[in-house]
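The sequence and the structure come first.

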Amino acid sequence: VKVDKTAPTNVKLAVTAGTLGDNGWYKSDVTVSTTSDAETISDPVTCTADQQQTTDTAGQVFNGSCTNDAGLKADAAPLTVKLDKTPPTLSPTVPAAIALNSVVTATPNATDDTSGIASQSCAAMVTTPKGPHTTTCTATDKAGNTTTVTVNYEVLDTATDCGKILFGTTPPPGGGVGTFAFSCGTIAQLVAVTACPQSTMTIYYNKPGGGYAVYIPASQVSAVNQEFLGIFNGTPQIPVNTIFSVKCV
């Protein structure tokens, strides 16, 4: 007669493979094993096979058990695994061009869909000498994954480099719309750089709060251009890297 009334004891779930990051998060594929460290009369003891977590999760609950040869079963306490293998995403806001010796900062705009952002920053932007420069932005998520990106920008001397298009396209002179970033300069330089006939062109400035301010060089009605001229103060320099859309009819 064989008698065993005692189920397996000390049944546990544990992570046996995977890179542990910060704040209890794992950063690589995880293997969860079920074990029992005590013998029973009716050995062998068979436990739940190894389980894997290979996709990002804010909390996957694992269960496991062990059963001896007599058919007596014991469950392990559930184990929750947090896995974030994906580094943060960075979309830095950096002007394509800035004025010489100006004070400008870059914004990292980091996001992370699983564990969230722990920290983010951009290096100081150097604004002298004129010419091409780079800055770096870095973000770390709560699991400890880090992303660093390098962003290019141009330093301009507003005394000599104004009145140019930094990027984008001007409208076809025969008709159409173009959108571009203007380096700096006067309204007269802005009109000239579009290469549109002044008698049929309209300039649109996308205001930060929404809507457009409109400038029509050929308009004889002062109220038409009043808002646009108020924003850019008539003839002084338009700020570096201002975005305009221009329509040629």
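Two strands are said to pair if DSSP finds at least two bridges between them. Helices (H or I, at least four residues) and strands (E, at least two) are DSSP runs, numbered from the N terminus.

The model is predicted: local features need pLDDT of at least 70, side-chain atom pairs count only at pLDDT 80 or more, and totals for chains, interfaces and linings use all residues. Residues are numbered from 1 along each chain as its sequence is written, and side-chain values use heavy atoms, with hydrogens and water left out.

**Strand pairing**

Strand β14 (residues 131–141) runs antiparallel to strand β13 (residues 117–122), and five bridges join them. In this pairing Cys-122 stands opposite Cys-137 of β14. β14 also pairs with strand β15 (residues 146–156), again in the antiparallel sense, over 10 bridges. Here Gly-131 faces Val-155 of β15 as its opposite residue. Four residues lie between β14 and β15 in their hairpin, where Gly-144 has a positive phi near 100°.

An open antiparallel sheet is formed by three strands in the order β4-β7-β8. Because β4 (46–47) and β8 (73–75) are at the edges with a single partner strand each, one side of each has no neighbour in the sheet. Two bridges connect β4 with strand β7 (residues 65–67), and Thr-46 is placed opposite Thr-67 of β7.

**Ser-42**

Ser-42 belongs to the loop between β3 (30–36) and β4. Its relative accessibility is 12%, so Ser-42 counts as buried; buried means under 20% relative accessible area, exposed over 50%, and partly exposed in between (1.4 Å probe, protein chains only).

The side chain of Ser-42 makes a polar contact with the side chain of Asp-4 at 2.4 Å, and it reaches the backbone nitrogen of Ala-70 at 3.3 Å. A polar contact is a pair of N or O atoms within 3.5 Å; within protein, one must be able to donate a hydrogen and the other to accept it, and residues adjacent in sequence count only if both atoms are side-chain atoms. With neighbours within four places in sequence left aside, Ser-42 is in contact (heavy atoms within 4.5 Å) with Asp-4, Asn-68, Asp-69 and Ala-70.

**Disulfides**

The whole structure holds four disulfides, a disulfide being a pair of cysteine sulfur atoms within 2.5 Å. With bonded cysteines counted along the chain, the pattern is 1-2, 3-4, 5-6, 7-8. Some of these links are listed here.

| Cysteine pair | Sulfur to sulfur distance |
|---|---|
| Cys-47 and Cys-66 | 2.0 Å |
| Cys-162 and Cys-184 | 1.9 Å |
| Cys-196 and Cys-248 | 1.6 Å |

The link of Cys-47 and Cys-66 is right-handed, with 105° about the S-S bond. Since Cys-47 is in strand β4 and Cys-66 in strand β7, this pair ties together parts 19 residues apart in sequence. Cys-47 is partly exposed at 24% relative accessible area, whereas Cys-66 is buried at 0%.

For Cys-162 and Cys-184 the torsion about the S-S bond is about -100°, so that disulfide is left-handed. Cys-162 lies in the loop between β15 and β16 (165–168) and Cys-184 in the loop between β17 (176–182) and α1 (187–194), 22 residues apart. Both Cys-162 and Cys-184 are buried.

Cys-196 and Cys-248 are both buried.
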